[in-house]
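Open the structure in your viewer and keep the sequence panel beside it. The stops below say what to select next and what is there.

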Amino acid sequence: MMTQHSALLLPLLTLVAWSLVMWLWMYATRLPAIIQSGMKLDPNAPSGEQMATLPPRVRWKADNYNHLMEQPVLFYALILALVQLDASPPFALAMAWSYVGLRILHSLIQALVNRIEWRFAVFALGTLPLFGLTGYALSLALLA
């Protein structure tokens, strides 16, 4: 049975699962593109140079996967800290699910249409729950 504060782990696990979905999607598009282009993988090529020659729609998935390895690290740390602090879930859960939903939306925008202004708006909006979670975690830590 899930305790109140361990319910916070579900959004964390959902974002991990989504990151793995993006990993699969990245390779499901990248490998066929590499084969179709006849690319010879060169270990001496500067990092990213060969992949930059792939079609944009293929690169977008990899770019998004990389983004999921960046800012979400803060989210993971915050959720684990909140679980340790025995956070009361209503506010934290709302913020956590908001963050996860907006990260998934960001992924879909980037992977499918890559409209930068849409991506930026969703990214900026998605950062707000991190501020809320950070403030909440700090208040709990200071009161502990």
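Predicted model: local features only at pLDDT ≥ 70, side-chain atom pairs only at ≥ 80, totals over all residues.

Residues are numbered from 1 along each chain as its sequence is written, and side-chain values use heavy atoms, with hydrogens and water left out.

**The whole chain**

Show the protein chain as a cartoon. Its secondary structure comes to five helices and zero strands, where helices (H or I, at least four residues) and strands (E, at least two) are DSSP runs numbered from the N terminus. In sequence order the pattern is α-α-α-α-α. Along the principal axes, the C-alpha atoms fill a box of roughly 60 × 30 × 30 Å. The protein chain has 144 residues, and 40% of them count as buried.

Select V16, L20, W23 and L24. These residues form a nonpolar patch on the surface, with about 370 Å² of accessible area together. A patch is made of residues with over 30% relative accessible area and no salt bridge, joining like charges within 9 Å and nonpolar side chains (Val, Leu, Ile, Met, Phe, Trp, Tyr) within 5 Å. The areas come from the Shrake-Rupley method with a 1.4 Å probe, and for residues only the protein chains shown count as cover. L24 belongs to helix α1, residues 9–37. L24 counts as exposed because its relative accessibility is 53%.

**The aromatic cluster**

Next, select F75, Y76 and Y99, which ring pairs link into a cluster. Rings of Phe, Tyr and Trp (its six-membered ring) pair if their centres lie within 6.5 Å; planes under 30 degrees apart count as stacked, over 60 as edge-to-face and the rest as tilted. By this rule the count comes to four aromatic pairs. One of them joins F75 and Y99: the ring centres are 4.8 Å apart and the planes are at 25°, so the pair is stacked. F75 lies in helix α3 (residues 72–84) and Y99 in helix α4, so the pair ties together parts 24 residues apart in sequence. The C-alpha atoms of F75 and Y99 are separated by 8.2 Å. Are these two residues buried or exposed? F75 is buried, with 0% relative accessibility, and Y99 is buried with a relative accessible area of 0%.

**The loop between α3 and α4**

Move to D86, which sits in the loop between α3 and α4. D86 is not a glycine, yet its phi is positive, at about 55°. With a relative accessible area of 53%, D86 is exposed.

Select residues 89–112, which make up helix α4. This helix has 24 residues and reaches 33 Å from its first C-alpha to its last, close to the 34 Å expected at 1.5 Å a residue. The expected span is 1.5 Å times one less than the number of residues.

N114 follows α4 and is found in the loop between α4 and α5 (116–143). Its phi is near 50°, a positive value in a residue other than glycine. N114 counts as buried, at 18% relative accessibility.

How many salt bridges does the structure hold? It holds one, a salt bridge being a side-chain nitrogen of Lys or Arg within 4 Å of a carboxyl oxygen of Asp or Glu. The side chains of R115 and E117 form it, at 2.5 Å from N to O. R115 is partly exposed at 38% relative accessible area, and E117 is partly exposed at 44%.

R115 also lies over the face of W118, at 4.6 Å from the ring centre. A charge sits over a ring if NZ of Lys or CZ of Arg is within 6 Å of the ring centre and within 35 degrees of the ring normal.

Note on methods:
Buried < 20%, exposed > 50% of the residue type's maximum accessible area, 1.4 Å probe, protein only.
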